[in-house]
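Subject: Structure handover

Hello,

I am passing this structure on to you.

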Amino acid sequence: MVRGVQETARSAGHSLILCNSNEDVEEERRHLRMLLSRRVDGVLLACTEPLTAMDRSIRERCPLGLVDRIPAQGFKGEAVVADNAGAAYDATRHLIGLGHELIAIITGRLVLSPGYERAEGYRKAMQEAHLPLRGEYFKHGSFRWEMGYRYALELLGEVTPLHGHPLRKLCYDRRLAEGARGFKSPMSRGGQCGGLRRF
Amino acid sequence: MVGFDDFETGVEGFSLASLFRPKLTAVAQPSYEMGKKAAERLLEIIFHSQSASAETNERVISLKAELRIRESTAPPCLVRSAVPS
């Protein structure tokens, strides 16, 4: 994503100043204050917090575009995002099409569009197939990879011993998926049994 | 398991998900495109509408993210009793 921004900016004679706030809202605010005080021509923001994105005082001071994430509700402004709902719907349909019924989801914070829309796409596909939506199969909260790992452990603990059914898991966000991959499934002894086979 | 892969780049065809064994079924995020489009829109605003109010620049562009089916997804185990407990 950064490369896409940088190459486009460079071809228009602009330079890119990159700030990473690492999901820390204080860091994000500090970066924004610094960029505004240095009178940048414009800001692209992949926001950590919906409030930052909705803050009109930033937009009044310089052109602001959002990228990748927008607040899940009530956002008005300029943004370029991915169709997370459509992608989550397709992914869930794929698992349903293979014959899975117990499908869990690990997604990020529901106040931001990727977390919220992926949950919505999943929900829509499950409802269309008349599959149950269970609270314990719906894990959300953060985009950090440790959370993906923790949630995946919880899901395996909850699902495999209790029901003995195969579990297919949707892990949304690369960091969450990496976390979920970081351990072996207790059902990894061979055969296509656990959703986490051989990771 | 299905993941979202934001290392997938349409330009070079590189994907992190395909480096794993089994290769991971994943949604290819249009990351490069997202960055490119966002920068283009921002540059347009910077160049052309300095006098316009913020309200005239309110558009959410949504790019398609594609599901790439690889090896990490398969039908359920048919013989459940064969699963070691």
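The notes below go from the whole model to single residues.

This is a predicted model, in which local features need pLDDT of at least 70, side-chain atom pairs count only at pLDDT 80 or more, and totals for chains, interfaces and linings use all residues. Residues are numbered from 1 along each chain as its sequence is written, while chains are lettered from A and ligands numbered from 1 in the order in which they are written.

Confidence

The model has an ipTM of 0.81 and a pTM of 0.80. Within chain B, strand 3 (residues 60–63) has the highest confidence, at 95, and strand 1 (residues 2–5) the lowest, at a mean of 74.

Chain A as a whole

Chain A has eight helices and six strands. Helices (H or I, at least four residues) and strands (E, at least two) are DSSP runs, numbered from the N terminus. Read from the N terminus, the order in chain A is α-α-β-α-α-β-β-α-β-α-β-α-β-α.

Chain A has 199 residues, of which 46% count as buried. A residue is buried if 20 or more other C-beta atoms lie within 10 Å of its own, exposed if 12 or fewer, and partly exposed in between, with C-beta atoms placed from the backbone. Two residues are in contact if their C-beta atoms, placed from the backbone, lie within 7 Å. Of the contacts in chain A between residues at least 6 apart in sequence, 60% join residues at least 24 apart.

Domains and core

Chain A splits into domain 1 (2–80) and domain 2 (84–181); such bounds come from an automatic or database domain assignment. Six residues of domain 1 of chain A are in contact with eight of domain 2 of chain A. On the domain 1 side, the touching residues are four nonpolar, no polar and two charged. Here Ala, Val, Leu, Ile, Met, Phe, Trp, Tyr, Cys and Pro count as nonpolar, Asp, Glu, Lys and Arg as charged, and the others, Gly among them, as polar.

The largest nonpolar core has 55 residues, and the members that touch the most others are Leu44(A), Leu45(A), Val67(A), Val27(B) and Ala38(B). Helix 1 (residues 31–48) of chain B gives the most to this core, with seven residues. Domain 1 (2–80) and domain 2 (84–181) of chain A both supply residues to this core, so it lies between them. A nonpolar core is a set of buried Ala, Val, Leu, Ile, Met, Phe, Trp, Tyr and Cys residues joined through C-beta atoms within 7 Å. Apart from neighbours within four places in sequence, Val27(B) is in contact with residues of both chains, including Ala87(A), Ala91(A), Phe4(B) and Leu67(B).

Helix 5 (residues 84–97) of chain A has 14 residues and reaches 20 Å from its first C-alpha to its last, close to the 20 Å expected at 1.5 Å a residue. The expected span is 1.5 Å times one less than the number of residues. Among the buried residues of helix 5 of chain A are Ala87(A), Tyr89(A), Ala91(A) and Leu95(A). Just after this helix, Gly99(A) takes a positive phi of about 110 degrees.

Helix 6 (residues 113–128) of chain A has 16 residues, which should span 22 Å, and its end C-alpha atoms are 22 Å apart, in agreement. Its buried residues include Pro114(A), Glu117(A), Arg118(A) and Met126(A). His130(A), with a positive phi near 55 degrees, follows helix 6 of chain A.

Single residues

- Gly77(A) is in the loop between strand 2 (64–67) and strand 3 (79–82) of chain A. Gly77(A) is buried, with 20 other C-beta atoms within 10 Å. Not counting residues up to four places away in sequence, Gly77(A) touches Arg59(A), Leu64(A), Leu66(A) and Glu58(B).
- Asp68(A) lies in the loop between strand 2 and strand 3 of chain A. Asp68(A) is not a glycine, but has a positive phi of about 75 degrees. Asp68(A) counts as buried because it has 23 C-beta neighbours inside 10 Å.
- Arg39(A), in the loop between helix 2 (25–37) and strand 1 (43–45) of chain A, has a positive phi near 55 degrees. Arg39(A) has 8 C-beta neighbours inside 10 Å, so it counts as exposed.
- Pro22(B) is joined to Arg21(B) by a cis peptide bond, with omega about -5 degrees. Pro22(B) sits in the loop between strand 1 and strand 2 (25–28) of chain B.

Regards

Terms used: pLDDT is the predictor's confidence in each residue, from 0 to 100.
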